[in-house]
Amino acid sequence: MMSASAFRKLSTEFLLRRNLSSETAVKMTKHASTRVDRLASLRAQLATDDATIDDFAKQSERPVRRKAAPRSSKVLPKPRWLKAAPATSDNYKELRNTVRELGLVTVCEEARCPNIGECWGGSDSEVATATIMIMGDTCTRGCRFCSVATSRNPAPLDPEEPEKVSTAIAKWGLDYVVLTSVDRDDLPDQGSQHFRSVVQRLKEKKPGLWVEALTPDFRGDRDLIRAVATSGLDVYAHNVETVEDLTSRVRDRRAGYRQSLDVLEYVKSLPLEKDVITKTSLMLGLGETDEQVRQTLRELRSVSVDVVTFGQYLQPTKKHLAVKEYVTPEKFEEWQKEAEALGFLYVASGPLVRSSYKAGEFFLKSHLKQRQQQREAAV
C-alpha cells in the first residue's frame, strides 16, 4: 500500500507535467493564431490590389542599380604597371601542349607567374623558356606566399621523370633550362638524388645545355646540398624570399633565413670542377624596410652570392598573405643600382621580375659561354 508521502510526491509530479503541457499547448495555439492572422491580412491586401502582371511588364522605369560595396581597406588595388601580356601566342599553346602530353609540371603555372605569356610565348628570334618543376606538384611545406598545393604525404616520385624532362627540353630546342622543385620532407633524402638524376640526364642528352637549379634548402643537410651542387649544373639558385625579420611570418617554420644563407655559402665553398654561379631572390611589398633590404644585400654578398633578383610580391589567393605595398618601378631601379654597387655579378629588379626570369637567363647564358671560352683558351 502506497504511503502518504509517496502519494503526495506522485501527485505533485503529475500536476507539474500537466501545467507544462498546458503552457506548451498555449504557445502553439498563439503561434498558429498569429500565422492565421497574417495569412488573412495578406489575402485582404491582394483582394484590394487591382494590379496585373501586364502592369509590371509595361513599366518603363529602369531598376536602380545598387552601388558596389566599398573595397576592403586591407586589399590594395593593383597599380597600372602590373599589367602583364596575355598568354595567347602559338608558341605558348605549343609549349603548354607539350607539358600536358608528357605529364610535366611547371612552376610558371603552379605559382601563377605573371610572365608566363612572355616567357612561354617567345618570338621569331627568341626561344620560349619555361621553368620545369620536378618531384610532383605538391609540397610538404606551407609558405604563406606560395600557391603550390601542400600535403604531408605527396604522391611518390616518378622514376621516369628524368627521361620525360629531357625529352621535353629536346623538343623545345632550349639551350638554357631552369629546374625547380617542391620540398619533399617526406623522403629520406628529401629528393636530392632525384634532382641530381634529372640534371645528369639533361647533360647526357644535351651536353651543351646550361642548367639552372632552383633548389629547396634540404633542411640544411650538407650531404644533400652537395649531391645537387655536384650534379653538373651551372647555376645553383636558392631563394631567401624575404628579409630576416619577416621570414617567420612569410615562410614555413622549417625554413630559415640563416639556413638559406648557409646553403648558398656552402655551395660556394665546394671544390667543384667548374665555377658554379649562386643566385637568390627577394620579394618586395611584404612590409620590409629599406634598411632591412640593405642588410640582406650585404649579407648575401658576404657569402659570395653572384646574382640577386627583386620582384613584387603578389597575393595569389585571399588565403595568402596580403600585399603591404606595391613598390614603384622607380624604387626597383634604385634597388638595382644599390645591388650592382655592392658587386653582384647580375641584378634583375622590377615589379614583374621573378627568380626564373627570361632576361636573367639570357645574361647568365652569355656569361657562362664567356667563362667556357676563357677556360678553353687557357688550356
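Student: Is R219 buried, exposed or partly exposed?

Tutor: Start with the scale. Buried means under 20% relative accessible area, exposed means over 50%, and partly exposed lies in between (1.4 Å probe, protein chains only). R219 has 40% relative accessibility, so R219 counts as partly exposed. This is a predicted model: local features need pLDDT of at least 70, side-chain atom pairs count only at pLDDT 80 or more, and totals for chains, interfaces and linings use all residues. Residues are numbered from 1 along each chain as its sequence is written, and side-chain values use heavy atoms, with hydrogens and water left out.

Student: With which residue does R219 form a salt bridge?

Tutor: General idea first. Side chains of opposite charge can pair when their charged atoms come close. The rule for a salt bridge is a side-chain nitrogen of Lys or Arg within 4 Å of a carboxyl oxygen of Asp or Glu. R219 pairs with D185, and their closest N and O atoms are 2.9 Å apart. The pair links distant parts of the chain, 34 residues apart. R219 sits in the loop between β6 and α8, D185 in the loop between β5 and α7. D185 is buried, at 15% relative accessibility.

Student: Where do R226 and D223 lie?

Tutor: Both are in helix α8, 3 residues apart, so about one helical turn separates them.

Student: How many disulfides does the structure hold?

Tutor: A disulfide needs two cysteine sulfur atoms within 2.5 Å. The structure holds 0. Take C139: the closest cysteine sulfur, in C143, is 6.7 Å away, so the two are too far apart for a bond. For C143, the closest cysteine sulfur is in C146, at 6.5 Å, also too far for a bond.

Student: For what does UniProt list C139, C143 and C146?

Tutor: The unreviewed UniProt entry lists them under "binding site". UniProt positions are given in the numbering used here, feature names are shortened, and annotations may be inferred rather than shown by experiment. C139 lies in strand β3 and is buried, at 9% relative accessibility. C143 lies in the loop between β3 and β4 and is partly exposed, at 22%.

Student: What does C143 touch?

Tutor: Contact means heavy atoms within 4.5 Å. Leaving aside neighbours within four places in sequence, C143 contacts V250, R251, D252 and H320.

Student: Which residues touch the most other members of the largest nonpolar core?

Tutor: In soluble globular proteins, nonpolar side chains tend to be buried together. A nonpolar core is a set of buried Ala, Val, Leu, Ile, Met, Phe, Trp, Tyr and Cys residues joined through side-chain atoms within 4.5 Å. The largest one has 35 residues, and V165, I169, L179, L202 and Y236 touch the most other members. Elements giving two or more residues to this core include β2, α6 and α10. Apart from this core lies another, of 31 residues, among them F145 and L246.

Methods
Helices (H or I, at least four residues) and strands (E, at least two) are DSSP runs, numbered from the N terminus.
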